[in-house]
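Hello,

Here is the structure I promised to pass on to you. Please open it beside this email and follow along.

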Amino acid sequence: MLNKKILKSILNVKHTAIDGMEILPDGSFAVMAHPTKGEQCRCGKCGRKAPYYDQGRGRRSWRTCDWNNHKVYIVADAPRVCCPEHGVVTAAVPWARHGSRFTREFEALATWLAMTCSKTAVAALLRISWNTVGPIISRMRSELDPNPAARLKNLSRIGVDETSYKKGHKYITVVIDHDTGKVVWAHEGHGKSVFTKFFRLLTKEQLANIKLVSGDGAKWIQECIDQSCPQAKRCIDPFHVVQWANEALDEVRRAAWRDAQKQAKDSPKRKRGRPRKDAPRKDTTAKDLKGSRFALGKAPEHLTDKQQAQLTFIAKSDKRLYRAYLLKEKLRLVFQCADVSTAKAELDGWIKWAQHCRIKVFVELQRKIRRHLEATNRKIQLSVYMAYGFRNIDNLIDMIMLRCSDIDVRLPWNYEAA
Ligand SMILES: [Zn+2]
């Protein structure tokens, strides 16, 4: 009745021999199995061959992915071995990670779902308690992220952020690589001692490579920078925000120039010969606007007299373009604020102004800035929110790393392709 080959294929297990199958009274399936000879008697921690010790606590079952709403278990003996390094431990099984009562496939699915859906959805869909999701996530992370130190290479622009959870009673410090937008490090606690821990992980060369550190108003950030990488600049503009503002301003200027050109074309042609004294002067707005690019882009203290005159002309002739110029200038000043908390307040003010400025590119710019400033933070906050149920802070940190770092979390059937 039973085709073991097909069964093995459905379970998607390797180095496993199928012994039989039965349907349990509650409608779930139990597949009896054992590791093939080469995979028997291996240490659960290091995977090396080790001598048999005893039969442990007898048979054990591992939950695997459902078959059309039926729960499925792999049932096998769980003997113990005596590893020269790890002592007496339960022997490894090829279908599950050490210490888990779920198969690798099930854990991959649970992790992907935990990244994507709500806590309640994961627990309901998989019919497991949320408490078991935390350890699953930690096991997945240690497997998918064997070398976290690699993430600390080539850091140049980083941001540090403190996130509170448990209603502000506990904190997690998170370090972000601004060039990739990914979290590179997360640790329990906050303040100087924790951030110093991060810098201790970096080599001298890696410290020397750091050019910029962004973070909120806390004073200890500057202290850590002074101690560990004094060459680095501290700021809250990691995203070339001012450059974006200049681009937006240039777009407004070009639009204004096109309008002025069109207007000049549409205005009645002058007759040949010397114009009469009372004739309207030629409209040179387009020409003036075309030459104003540098005046608009420059900081006002560096303007030449001619450029200053151009600016005064724009202030009179094109209110909209002038407003765009002021928006750009204000934003530039926000990011020159020496005091970070003032800068934050100024930035909030700027965002409100830009929201209502009626210049499309600046309304968009304002959205873009807000998105970038919030994106990573929001993702972490969401992780924290979702992970509220985790009893263990390491599970929470692993969750943040899986969600927000460069770790590639896939559905179980997509791991095969890698
Ligand atoms: Zn071992």
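Two notes before you start. Residues are numbered from 1 along each chain as its sequence is written. The model is predicted, so local features need pLDDT of at least 70 and side-chain atom pairs count only at pLDDT 80 or more, while totals for chains, interfaces and linings use all residues.

Let's begin with an open sheet of four strands, in the order 1-2-5-4 and with mixed pairing. Strands (E, at least two residues) and helices (H or I, at least four) are DSSP runs numbered from the N terminus, and two strands pair if DSSP finds at least two bridges between them. Strand 1 (16–23) and strand 4 (59–67) are the edges; each has a single partner strand, so one side of each has no neighbour in the sheet. From one strand to the next, the twist averages 25°. Strand 4 runs antiparallel to strand 5 (residues 70–77), with seven bridges joining them; Thr 64 has Val 72 in strand 5 as its bridge partner. Helix 1 (residues 4–11) packs on this sheet, touching strands 1, 2 (29–35), 4 and 5, and its direction makes about 95° with that of strand 1. Touching, or contact, means C-beta atoms, placed from the backbone, within 7 Å. Axes are lines fitted to C-alpha atoms, for helices over the stretch in contact, and angles run from 0 to 180 degrees between N-to-C directions.

Elsewhere, strand 8 (residues 157–165) and strand 11 (residues 212–215) run parallel, joined by four bridges. Strand 11 also pairs in the parallel sense with strand 12 (residues 233–235), over three bridges. Val 213 is the bridge partner of Ile 158, and Val 213 is also partnered with Arg 234 in strand 12.

The largest nonpolar core has 62 residues, and Ile 74, Ala 110, Val 174, Val 175, Val 183, Ala 186 and Ile 400 touch the most other members. A core is a set of buried Ala, Val, Leu, Ile, Met, Phe, Trp, Tyr and Cys residues joined through C-beta atoms within 7 Å; buried means 20 or more other C-beta atoms within 10 Å of a residue's own, with C-beta atoms placed from the backbone. Helix 15 (residues 393–404) gives this core its largest share, seven residues.

Finally, the axes of helix 8 (residues 241–266) and helix 12 (residues 319–334) come within 9 Å and cross at roughly 175°. The two helices are therefore roughly antiparallel, a term for angles over 145 degrees.

Enjoy exploring!

Notes
A residue is buried if 20 or more other C-beta atoms lie within 10 Å of its own, exposed if 12 or fewer, and partly exposed in between; C-beta atoms are placed from the backbone. Two residues are in contact if their C-beta atoms, placed from the backbone, lie within 7 Å. Angles under 35 degrees count as roughly parallel, over 145 as roughly antiparallel, 65 to 115 as roughly perpendicular and the rest as oblique.
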